[in-house]
Amino acid sequence: MMEYRKLPHGDENIGVLGIGMGCLENTPDDEIVAIVTKAIEHGVNYFDMCAGGANVYKPFGEAIKPCRDKVYFPIHFGAVYNEKGAYGWTRDADKIKATFDWEMKTLDTDYADFGFLHCVDQIEDYEELKASGIVDFMRGLKDQGVLRHLGFSSHTVPVAERLLDDGFGDMILFSINAAYDLAQDSDELGGGTVSQRAAFFNRCRRDGVGISVMKPFHGGKLLDAAQSPFHTALTATQCLQYVIDRPGVMTAVPGVKTLEDLNGILKYIDATPEERDYSAIAGFSADKVMGHCVYCGHCKPCPMEINIDLVNKYYDLSRIGDRLAADHYRKLSVNADACVGCGHCDERCPFKVKQSARMTEIADWFKENM
């Protein structure tokens, strides 16, 4: 059965297994409705709405309409969508406000359960959002009851600490997985050392800050021995149990693309204690995770319209022999060789991946091998 945890700064009881909506940009509307409906039927009641595309909102709104008061989700202030519906992010106040109005109308709701400052990984990001008036705008929406709670998404402990100090701590979205937590004790990523991360999670538990977890599978790498920094594959259930057991965690929000993906995630609910046991990682020693693409999409939008996260994913899978992934790469409307080296993606990557150089590497590999 689903386990529920009470939000410390609220009355909501949230299932420990949620769903991230960020991978559904190419999923048909009827399948999105089916995914959300089936998830709710199995006890899922938390959905992270940092959607991969604007197409997700309407079917999601339709699916939750009969049970709106029993479903919880955040709106991300800073996530925007272009005229083609593709995800991007901005600090422009007018664009953020216009996107929020569109989201509420499309979802057919008069309130959002959480308002998140989107992807605040540097103090400069936060200062810019404050200077633009978005922070005060969100606080005003909370006073009006349009937002029930305030929070943020981040990959960076020192910045997250600052946001908690300023009162954005009802619920947050933070990246947690065994690879990040067990990496060598350095701060090259900017996300915090092992000890800093542990102290941050304990602070969240102590201060009543709910954590929703992104990246529980390390972009899928933990599920594949060839890509895992542990050189051993974990199961999805083991990965989920690991993050759910971290201090302060309310829910994990793995992404899905299809009903088949959802069925795989839902196996966690009825898994046995033996299937959930992740004690094997006690003997693991992870390599550093910085410099590795986890397909988060924060490098978008690309001025050449390269789908950078998918290009990286198909490349990584193709290198370990996945022919279907190679076929998917070839069918992309824009491939890695379209990169002009502008460096826009390099500046935005929270994991310090030099994506412009990687695009050249990927283009050359596919030219030679496919």
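Where is the place of Asn335? I found Asn335 in the loop between α13 (323-331) and α14 (344-348); helices are DSSP runs of H or I of at least four residues, strands runs of E of at least two, numbered from the N terminus.

I kept in mind that this is a predicted model, where local features need pLDDT of at least 70, side-chain atom pairs count only at pLDDT 80 or more, and totals for chains, interfaces and linings use all residues. Residues are numbered from 1 along each chain as its sequence is written, and side-chain values use heavy atoms, with hydrogens and water left out.

**Asn335.** I looked up its burial: Asn335 has 19% relative accessibility and therefore counts as buried (under 20% relative accessible area, 1.4 Å probe, protein chains only). Leaving aside neighbours within four places in sequence, I listed Ile306, Tyr329 and Arg330 in contact with Asn335 (heavy atoms within 4.5 Å). A polar atom of the Asn335 side chain lies 2.8 Å from the backbone oxygen of Tyr329.

**Loop between β11 and α9.** I checked Lys215, in the loop between β11 (210-214) and α9 (236-244). Lys215 is not a glycine, yet has a positive phi of about 60 degrees; Lys215 is buried at 13% relative accessibility. His218 lies in the loop between β11 and α9. His218 is not a glycine either, and has a positive phi of about 55 degrees; its relative accessible area is 2%, so I noted His218 as buried.

Terms used: Buried means under 20% relative accessible area, exposed over 50%, partly exposed in between (1.4 Å probe, protein chains only). A polar contact is a pair of N or O atoms within 3.5 Å; within protein, one must be able to donate a hydrogen and the other to accept it, and residues adjacent in sequence count only if both atoms are side-chain atoms.
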